[in-house]
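Visitor: Please take one part of this model and go through it closely. I would like the surroundings of a single side chain, and the strands next to it.

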Amino acid sequence: MLRYITFGFGIAGVLLGLFACAPNPKAEESCNFVQNVYGQRISWKDQVPIPLMVHSNFPKEYLPALERAIKTWENSAGRRLFAITSTQYQDSASPAKDGQSVVYWLHNWEPEKPTEQARTSIYWVGNQIREADLRINDKNFDFYTDTSNTNKGVHLESLLIHELGHILGLKHIDGTDNNSVMATYLALQVKRENLSDIDKEALSCEYK
Ligand SMILES: [Zn+2]
C-alpha cells in the first residue's frame, strides 16, 4: 500500500490508511525522519542516488543553485544522494504520482495558499520512498541566488536545501536555538545554506 505525506510552507499533512498484512515491524527512533504507521523511519534506503528530473520550466540559470543544494547534503553524507537525469522534463505539466521524481517550477499556484514558497510530496511503500515531487511557487515569490532585488525574494539555494531534505525523508525540525535547514519557516531575503549539527546527525541515521 502506498502512502504519502506532503510538506508545504508550514503545513504538514498526512494521509494514513490502516492496512495489516504482516507482523508489525519494530518501531525506530525518528531521527527527524518521517515515520510510517509502524514507527519505522522512511527513506530511500539503498536506492540512492535518487533519480531526479528537472522540469523544462525550471530556469536554466538556477540549475547551479540546485546542484549546490544537492552538494550540501552529499558532502555531509559523504556519498552521492541525487542524480539529475534530465533538465528538460516535459511529460507532465503538473505534479502527479507517476513514478517519476520531478522538480517543478510552477507559474500557477492554489489561490488559497499564497504564502507557500514550495511543497514537497513523498510517496512510500513500507519504509521505502519510491517517489518525490517538489513544486516551487513562482507565482507568488521571486527567487534570487546572490542578492535579493525585491522584498519578496526567496533565497533559492536555501529553499532547495530544505526541500531536498524533505525528499530524503526528513521532516521539519523546529526549536529554539537551532539553525536547522529543516526549520519550517524560511524568512524572505534570508540565506540558510549550511547544515546544522542536528541536520547532519539526522541525515546519518539513514544515509551513511
Ligand atoms: Zn518544509
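Guide: A residue is called buried under 20% relative accessible area, exposed over 50%, and partly exposed in between, with a 1.4 Å probe and protein chains only. At 47% relative accessibility, histidine 107 therefore counts as partly exposed. The model is predicted, so local features need pLDDT of at least 70 and side-chain atom pairs count only at pLDDT 80 or more, while totals for chains, interfaces and linings use all residues. Residues are numbered from 1 along each chain as its sequence is written, and side-chain values use heavy atoms, with hydrogens and water left out.

Histidine 107 sits in the loop between strands S5 and S6 (strands are DSSP runs of E with at least two residues, numbered from the N terminus). Apart from neighbours within four places in sequence, the residues in contact with histidine 107 are Asn57, Asp138 and Lys139 (contact: heavy atoms within 4.5 Å). With aspartate 138, the histidine 107 side chain makes a polar contact, side chain to side chain, at 3.1 Å. A polar contact is a pair of N or O atoms within 3.5 Å; within protein, one must be able to donate a hydrogen and the other to accept it, and residues adjacent in sequence count only if both atoms are side-chain atoms.

Asparagine 137 is another reference point: its C-alpha lies 6.8 Å from that of histidine 107, although the two are 30 residues apart in sequence. In the strand pairing, asparagine 137 of S7 stands opposite leucine 106. S5 (residues 102-106) and S7 run parallel and are joined by 5 bridges (two strands pair if DSSP finds at least two bridges between them).

S7 also has strand S6 as a partner: S6 (residues 118-125) runs antiparallel to S7, with 8 bridges joining the two. One of the bridge pairs is tryptophan 124 with isoleucine 129 in S7. S6 and S7 make a hairpin with 2 residues between them. In that turn, glycine 126 has a positive phi of about 65 degrees.

How values were computed:
Helices (H or I, at least four residues) and strands (E, at least two) are DSSP runs, numbered from the N terminus.
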